[in-house]
Every structure is written in C-alpha cells, then in structure tokens.
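Visitor: I'm new here and would like a tour. Could you show me the structure and take my questions as we go?

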Amino acid sequence: MSESLEQSFVKQLKDNQNIIHKICRLYTSGEDAHKDLFQEITIQLWKAFPKFRGDSKFSTWAYRVALNTAITLYRKSTRSIATVDYESKSFFISQEDYNSEEEEQIKLLYQAVHQLNDIEKALVFMYLEDKDYTEISETLGITEVNARVKMNRIKGKLKKILNP
C-alpha cells in the first residue's frame, strides 16, 4: 500500500475510533476482550480499506465492517457472554457530571441490550447513535422498512425486559 493510502486510513480510523469502541462495548464483557475485538476490527478495516470506494461515508462503511466482524466473532464464540463490568466503564460520565440514578439507568439499559441477539444489538446501537433508518438499513444490509419494524419490536422487547 502506498504511504498516502496508509495515512488516509490512519486518519479515518482515528476520526472514527469511537464507533469501534462503542461496538466493542456492546459485544464484549471485559477489557481484554474489548481490546482483542478492537484489534480484530482494525485489522479487518485495514484489509478492506483498499476496496473502500467512497460510495458511502467512511463512518457508515466502518460501522458495517465493525459490526460484521463483531457479529461473526460473537457467533463463533462458544462461551456465554457475561454482563459488562460497569465499574471499569466509569469513563462514561465525568466526575462533576456524575448522577447515580442516571448511571443505574445506563447499567440497566446495557444489561437489557446484552439480552438481545446480535442483529438487534447492532440496530439498537445505531438507533442510540441517532443514525437515521436509511443509514441503519445500508449498514445492516436490510430494507429501511425492515429496520423500522425490527426497531419497534426491539423497543417492545426492551420494555418487557426493563419492566417485567
């Protein structure tokens, strides 16, 4: 690969690394697993980057590669997914903005989302990232109508989990 292609990749990765970290948080339950998945996603992005044509935004393309990598590894994994160690995730909220009720709600939401299947997790993640249904459908490879229907069903599922 040319040096300019490498520099372009590094810049795009740096600008969009939060996307990857958020996906890693959804599909892993510990710091080591998070780092491993982040590394695997980065490798897959790097391998696929020469084929990135720019038909979509880099972030949309990165979502697709990252989610596909996470889902593939999640499906291959024979171990059960443990709950996230929220104490290690204290960087979500800065100390001066700390709200124990809000943190508890975030914990409950993450616990509920962890009970969803891999595609449902991806859809919820993108929805919470304020992605529109067009981008969600492009990223997940489903129709926009299907994305809306699935999201409505997921909302109902989460309500049942959070309010038994």
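Visitor: Of the 164 residues of the protein chain, what share counts as buried?
Guide: Before we start, keep in mind that this is a predicted model. A residue counts as buried when its relative accessible area is under 20%. Of the 164 residues in the protein chain, the share that passes that test is 37%.

Visitor: Let's look at pockets. Which helix gives the largest share of the lining of the largest pocket?
Guide: This pocket has a volume of about 320 Å³, and 12 residues line it. Helices H1 (3-27), H4 (100-113) and H5 (118-128) each supply at least two of the lining residues. The largest share is 4 residues, and it comes from H4.

Visitor: How many residues in the lining of the largest pocket are charged?
Guide: Nearest the centre of that pocket lie Lys 22, Tyr 110, Phe 125, Leu 128 and Glu 129. Lys and Glu count as charged, while Tyr, Phe and Leu count as nonpolar. Over the lining as a whole, there are 9 nonpolar residues and no polar ones, and the charged ones number 3.

Visitor: What about the second largest pocket: which helix gives the most to its lining?
Guide: That pocket has a volume of about 250 Å³. Of its 13 lining residues, Phe 52, Arg 53, Ser 56, Trp 61 and Arg 64 are the closest to the centre. Two or more residues come from helix H3 (58-76), and likewise from helix H6 (133-140). The one that gives the most, with 4 residues, is H3.

Visitor: How many charged residues are in the lining of the second largest pocket?
Guide: Two of the residues closest to its centre are Arg 53 and Arg 64, and Arg belongs to the charged class. The lining also has 4 nonpolar and 4 polar residues, and its charged residues number 5.

Visitor: Now the outside. How much accessible area does the nonpolar patch on the surface have?
Guide: The patch is formed by Leu 108, Leu 109, Tyr 127, Leu 128 and Leu 162. H4 and H5 are the elements that give two or more residues to this patch. Together, the five residues have an accessible area of about 390 Å².

Methods: Residues are numbered from 1 along each chain as its sequence is written. This is a predicted model: local features need pLDDT of at least 70, side-chain atom pairs count only at pLDDT 80 or more; totals for chains, interfaces and linings use all residues. Side-chain values use heavy atoms; hydrogens and water are left out. On a 1 Å grid over the protein atoms alone, a cavity is a set of points where a 1.4 Å probe fits but cannot get out, and a pocket is an open set with protein on both sides within 12 Å along at least five of seven lines; lining residues have an atom within 4 Å of a point. Grid points are joined across faces, edges and corners, and a volume is the space filled by probe spheres set on the points. Patches are made of residues with over 30% relative accessible area and no salt bridge: like charges are joined within 9 Å, nonpolar side chains (Val, Leu, Ile, Met, Phe, Trp, Tyr) within 5 Å. Accessible areas come from the Shrake-Rupley method with a 1.4 Å probe; for residues, only the protein chains shown count as cover. A salt bridge is a side-chain nitrogen of Lys or Arg within 4 Å of a carboxyl oxygen of Asp or Glu. Buried means under 20% relative accessible area, exposed over 50%, partly exposed in between (1.4 Å probe, protein chains only).
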